[in-house]
Amino acid sequence: MKILVLNGPNLNFLGIREPDIYGKQTYADLTAYIHSAAAELGVEVEIFQSNHEGALVDAIQNAYGRMDGIVINPAAYTHTSVAILDALKAVALPAVEVHLSDVDAREAFRQVSYAGMACQTRFTGLGFEGYKRALEYLKQ
Ligand code: DQA
């Protein structure tokens, strides 16, 4: 089973950005965590991060016919991007939304998720563990 893990804008700044919200661990720590969770679960992962909406749309389209599922933390694009929603709908792969922070307990604008409308479920507020839970969900 092959799963694409997508991370949106500013997640490459983990460890630097708002550590009180996102923690002190870096993006490299996150990718290492995802690789080790995938190995434990016996799934193959490709991880991609971009600060650009179109690059995320391209990555979703490239998953078509190649990957079995998508784990996506669209970061700020969660709350704005119809293009990412449409790309997820276009490829129609099982998808799971992840957020490190508890978006529902934050500002009102973070409580809207366009990408989430094309996802089967979501894990929020669990930090890195949300990615493992998402991989587990897709494996089943
Ligand atoms: C985030 C939550 C988003 O609202 C925010 O824009 C991010 C990160 C999270 O993982 O908690 O960049 O997706």
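Me: What share of the contacts between residues at least 6 apart in sequence joins residues at least 24 apart?
Reply: In this predicted model, 75% of those contacts in the protein chain do. A contact here needs heavy atoms within 4.5 Å.

Me: How do you know what a compact globule of 140 residues would have as its radius of gyration?
Reply: The rule is 2.2 Å times the number of residues to the power 0.38. For 140 residues that gives a value near 14 Å, and the protein chain has 14 Å, so the two agree. Along its principal axes the C-alpha trace spans about 40 × 35 × 25 Å.

Me: Which elements make up the chain, and in what order do they run?
Reply: There are five helices and five strands. From the N terminus the order is β-α-α-β-α-β-α-β-β-α.

Me: Why is E3 described as largely enclosed by the rest of the structure?
Reply: A residue counts as buried under 20% relative accessible area. Five of the five residues of E3 are buried, so the strand is largely enclosed. Gly 69, Val 71 and Asn 73 point one way, while Ile 70 and Ile 72 point the other way. In a regular strand the side chains alternate between the two faces of the sheet.

Me: What makes E3 and E4 a pair of strands?
Reply: Pairing takes at least two bridges. E3 and E4 have three, in the parallel sense, with Val 71 opposite Val 96 in E4. E1 and E3 also run parallel, joined by five bridges; there Asn 7 stands opposite Asn 73.

Me: Why is the aromatic pair of Tyr 33 and Phe 128 called tilted?
Reply: By the pairing rule the count is one aromatic pair. Ring centres must lie within 6.5 Å, and planes under 30 degrees apart are stacked, over 60 edge-to-face, the rest tilted. For Tyr 33 and Phe 128 the centres are 5.7 Å apart and the planes 50° apart, which makes the pair tilted. Tyr 33 lies in helix H2 and Phe 128 in the loop between E5 and H5, so the pair ties together parts 95 residues apart in sequence.

Me: Which label, buried or partly exposed, does Phe 128 get?
Reply: The limit for buried is under 20%. Phe 128 has 11%, so Phe 128 is buried. Tyr 33 has 23%, so Tyr 33 is partly exposed.

Me: What makes Arg 17 a charge over the ring of Tyr 22?
Reply: The distance limit is 6 Å from the ring centre. The charged end of Arg 17 is 4.1 Å from that centre and sits over the ring.

Key
Residues are numbered from 1 along each chain as its sequence is written. This is a predicted model: local features need pLDDT of at least 70, side-chain atom pairs count only at pLDDT 80 or more; totals for chains, interfaces and linings use all residues. Side-chain values use heavy atoms; hydrogens and water are left out. Rings of Phe, Tyr and Trp (its six-membered ring) pair if their centres lie within 6.5 Å; planes under 30 degrees apart count as stacked, over 60 as edge-to-face and the rest as tilted. Helices (H or I, at least four residues) and strands (E, at least two) are DSSP runs, numbered from the N terminus. Buried means under 20% relative accessible area, exposed over 50%, partly exposed in between (1.4 Å probe, protein chains only). A charge sits over a ring if NZ of Lys or CZ of Arg is within 6 Å of the ring centre and within 35 degrees of the ring normal.
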